[in-house]
Amino acid sequence: MQKGTIFLTIVAMGVAFLVWLLPERPEKKELSPQNLLLAIKDNTRFLSTDEVAGMIIGQDPSLQLIDVRDSLEYVKFHLPNAIHVPLADILDEQYLDLISGDDQKHVFYSNGTIRANQAWVLTRRLGSQNTYVMKGGLNRWVETIMVPPKPPSSASSEAFAQYDFRVAACRFFQGGIQTAPPEKTNKPLKIIVRKKKKTSPSGGC
Amino acid sequence: MGPLIPQGIIGPEWDFIIALLLGIGFGYTLEAAGFSSSKNLVGLFYGYDFVVLRVFFTAGATAAAGIILFDYFGWIDIGRLYVQPTYWGAAIVGGLIMGLGFVTGGFCPGTSFTAASIGKIDALVFVGGTFVGSFLYGETYPLFKNFVNSGNEGGIKVYDSLGMSRGFFTFLLILIAVGMFYAVPLIEKRVKKPDY
């Protein structure tokens, strides 16, 4: 056997062992701008206030409400069990870990829709899959859940069923229909940041 | 850093320039490896010449190891490389047609151009047939449209399908390549090259 052949075999096997043993870098989940635009046009990210209320009442364990308003606004009023992540801090690593988890529905809300939408776009671009926006925000929450408008007597039975649900939800949240939004002083919930488990590289057998 | 075009480091208008340079390199390598001779090419099917296997296994193993190393050094982002989607039915039927054309004509599309460029008449006929076939396919495409576009599996990768890690699969690939480099000369010795 020629020396050259043996040398090339050794080099090839050396490279083979090297690529086997090299740790794989995790592929970035970042969404491409084109796909982000498609996702923005698609309105499946929106949850209605009724859906959110239903999930809170049903104690849906997959629901994680995220309040993206200022801390003052958060302390003044926030939805039950909502955690506080101000929009300015949304790219903070500890919050990103919290939001990028696939095990929960992360629902952003603000006073209207805009700030929650911004938070959604930022996190979606970074690859979070399970993020949603409460459509209309707290303004819509007050209009629909806190002060539900009574449908006209000619309305469909679905509209009445929805009204009944809202009245019940309203009782659940504050024990009766109010004419003005409540101004409860709630202590901000402490955010428990779960560190992502560092998975060892899955190379080799 | 890379891949350069998807990352916007160089513009997509460079596509054709890069394709031209790569094409020149590819054609040169094919010719240098003796791929412009259909006798060498079909030797793979009859067992007297395994140059095709050697060249393509070397290319595949080098590219696979190179991409993994480049990814590790941060020179290229594997996640951004375009992976051609897999269409099961179309791939199998297309592969059979391609194989049949390869063994009867003695060229694959790339090598037919290499051989045509050095003036081989059979290759010129082959290239003509490629154009006629492409034209006919284009004209009758609506008939095959549903079949061609069915069973899209997306950009699946063989190591994911096998449940292996990328590195281990490449290791096996190189191991098999090296093993073959030692094994095929034994076959070549036994099979006598027919006298054309």
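Helices here are DSSP runs of H or I with at least four residues, strands are E runs of at least two, and both are numbered from the N terminus.

Before moving on, some ground rules. This is a predicted model, where local features need pLDDT of at least 70 and side-chain atom pairs count only at pLDDT 80 or more, while totals for chains, interfaces and linings use all residues. Residues are numbered from 1 along each chain as its sequence is written, and chains are lettered from A and ligands numbered from 1 in the order in which they are written.

**Stop 1: around α5 and α2 of chain B**

Now color α5(B) itself. Thr111(B), Ser112(B), Phe113(B), Thr114(B), Ala115(B) and Ala116(B) are buried there. A residue is called buried if 20 or more other C-beta atoms (placed from the backbone) lie within 10 Å of its own, exposed if 12 or fewer, and partly exposed in between. The cover over these α5(B) residues includes α1 (15-32), α2 and α6 of chain B.

Next, pick α2(B), residues 38-46. Its buried residues are Ser38(B), Leu41(B) and Gly43(B), and they pack against α3, α5 (109-117) and α6 (121-148) of chain B. Step just past the end of α2(B) and you reach Gly47(B), with a positive phi of about 95 degrees.

Zoom out to take in chain B as a whole. It has eight helices and zero strands, and 17% of its 196 residues count as buried. Of the contacts with a separation of 6 or more, 66% are between residues 24 or more positions apart; a contact means that two C-beta atoms, placed from the backbone, lie within 7 Å.

**Stop 2: α3 against α8 in chain B**

Select residues 51-73 and 166-190 of chain B. These are α3(B) and α8(B), whose axes come within 10 Å and cross at roughly 155 degrees. That angle makes the two helices roughly antiparallel. Axes are lines fitted to C-alpha atoms, for helices over the stretch in contact, and angles run from 0 to 180 degrees between N-to-C directions. Under 35 degrees counts as roughly parallel, over 145 as roughly antiparallel, 65 to 115 as roughly perpendicular, and the rest as oblique.

The crossing of α3(B) and α8(B) is left-handed, meaning that the near helix is turned anticlockwise from the far one by less than a right angle (clockwise would be right-handed). To see who meets whom, show side chains: on α3(B) they include Phe57(B), Ala61(B) and Ile68(B), and on α8(B) they include Leu173(B), Ala177(B) and Phe181(B). This contact has twelve nonpolar, four polar and two charged residues. Here Ala, Val, Leu, Ile, Met, Phe, Trp, Tyr, Cys and Pro count as nonpolar, Asp, Glu, Lys and Arg as charged, and the others, Gly among them, as polar.

**Stop 3: across to chain A**

The axes of α1(A) and α8(B) are 7 Å apart, at an angle of about 165 degrees. This pair is therefore roughly antiparallel, and its crossing is left-handed. Among the residues of α1(A) that take part are Met13(A), Phe17(A) and Trp20(A), meeting residues of α8(B) that include Phe171(B), Ile174(B) and Val178(B). By class, the contact divides into 13 nonpolar, three polar and no charged residues.

**Stop 4**

Chain A brings in strands: it has eight helices and five strands. Of its 205 residues, 22% are buried.

Which residues touch the most other members of the largest nonpolar core? Select Val107(A), Phe108(A), Tyr109(A) and Ala116(A), from a core of 27 residues. A nonpolar core is a set of buried Ala, Val, Leu, Ile, Met, Phe, Trp, Tyr and Cys residues joined through C-beta atoms within 7 Å. Elements giving two or more residues to this core include β2 (63-67), β4 (105-109) and α7 (137-146) of chain A, with α7(A) giving the most, four residues. Center on Tyr109(A) and look for its contacts, among them Leu65(A), Leu79(A), Ala116(A) and Leu138(A). Apart from this core lies another, of eleven residues, including Ala16(A), Val19(A), Ile68(B) and Ala177(B).

Select Ile114(A) in helix α6 of chain A. Is Ile114(A) buried or exposed? Ile114(A) is exposed, with 12 other C-beta atoms within 10 Å. Finish at Tyr74(A), in helix α4(A), residues 71-76; Tyr74(A) is partly exposed because it has 19 C-beta neighbours inside 10 Å.

Methods. Lists of a residue's contacts leave out its neighbours within four places in sequence.
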